[in-house]
Amino acid sequence: MTTTTIAFLGLGGMGTPMATRLLDAGHSLTVWNRTAARAEGLAARGAAVAATPGDAVRCADVVISMLADPAAVAAVVTSAAPQLRPGTHWIEMSTIGPDAVRDLAGLLPEGVTLLDAPVLGSVDKAAAGELGVLVGGEADGVEKVLGALGTVTRCGPLGSAAALKLVVNTALVGGVVVVAEALALADRLGVPAAMAERTLLASALGGAARRALATEAAFATALAAKDLALATATAPLPVLGAVHDRLGAYPELAARDLARAADRIRAGG
């Protein structure tokens, strides 16, 4: 297998298992994270740890960013850009929306190829290499890197994958909140919880119900709310705006999985 020198920037709940997959696939990996302690596990497995984004990308053939929001991505790209070499591919895998992805192109030096490749799936899929990888832009030359993470779907030009990911995430988050409220209604009507859950799981809302009832996923409520904010800033979406406000009512759950917010909604909190 051809080894690629990869810089991976961002070791959050999704970034860490994704970087681990790339390391296990035999690639040469340098990692950076704002909180350096998050890199310790990968360092023990053989990854190099960089002190700054610029240090991480200096010798990289491929750079992958997996960060929280558009501001974080722009800051890291700006910091790293002077150290990038012509011919490098920068793969932006965060969920930041198409406008932010296209803005990044103006921050990168000539000769660096940018593509957006946000992913579908949670930490279990990331660890197993079974993510859905949506790709916008020119992916020739990085197929094997992306293929180590899951199934690749080419969506079109730069920004197209980021757009599709935002569509999917807003539908998912909205569906989870709808299921939570439906279960709250079931409780008020005296429908046994197990029966309500079983029936919703078997219904057209089965995917949203599975996500609302998940126990081992890691999609922070704050990140779900961020995705809704990106969507509602793009188009008039009054229902999703209301969902955004509902999630904002639980600041203490910001770092917890979205399903925990669903639990609170279901309980009438």
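Which residues lie nearest the centre of the largest pocket? The legends below start there, and please keep in mind that this is a predicted model.

**View 1. The centre of the largest pocket.** Met14, Ala218, Phe219, Ala220 and Leu223 lie nearest the centre. They belong to a lining of 45 residues. The space inside this largest pocket comes to about 1100 Å³.

**View 2. The lining of the largest pocket.** Let's look at what surrounds that space. Two or more lining residues come from each of these elements: strand S7 (119-120), helix H8 (160-189), helix H10 (206-212) and helix H11 (221-232). How many of the lining residues are nonpolar, polar or charged? The lining of the largest pocket has 21 nonpolar, 13 polar and eleven charged residues.

**View 3. The second largest pocket.** Here the volume is about 250 Å³. Of the 15 residues that line the second largest pocket, Pro98, Leu166, Leu230, Ala231 and Thr234 lie nearest its centre. Helix H5 (98-105), H8 and H11 each give two or more residues to this lining, and H8 provides the largest share, with four residues. By type, the lining of the second largest pocket divides into eleven nonpolar residues, three polar and one charged.

**View 4. A nonpolar patch on the surface.** Leu185, Leu189, Val191 and Met195 make up a nonpolar patch here. Together, these four residues have about 380 Å² of accessible area. One of them, Leu185, sits in helix H8, a helix that also gives residues to the lining of the largest pocket and to that of the second largest pocket.

Terms used:
Residues are numbered from 1 along each chain as its sequence is written. This is a predicted model: local features need pLDDT of at least 70, side-chain atom pairs count only at pLDDT 80 or more; totals for chains, interfaces and linings use all residues. Side-chain values use heavy atoms; hydrogens and water are left out. On a 1 Å grid over the protein atoms alone, a cavity is a set of points where a 1.4 Å probe fits but cannot get out, and a pocket is an open set with protein on both sides within 12 Å along at least five of seven lines; lining residues have an atom within 4 Å of a point. Grid points are joined across faces, edges and corners, and a volume is the space filled by probe spheres set on the points. Ala, Val, Leu, Ile, Met, Phe, Trp, Tyr, Cys and Pro count as nonpolar, Asp, Glu, Lys and Arg as charged, and the others, Gly among them, as polar. Patches are made of residues with over 30% relative accessible area and no salt bridge: like charges are joined within 9 Å, nonpolar side chains (Val, Leu, Ile, Met, Phe, Trp, Tyr) within 5 Å. Accessible areas come from the Shrake-Rupley method with a 1.4 Å probe; for residues, only the protein chains shown count as cover. A salt bridge is a side-chain nitrogen of Lys or Arg within 4 Å of a carboxyl oxygen of Asp or Glu.
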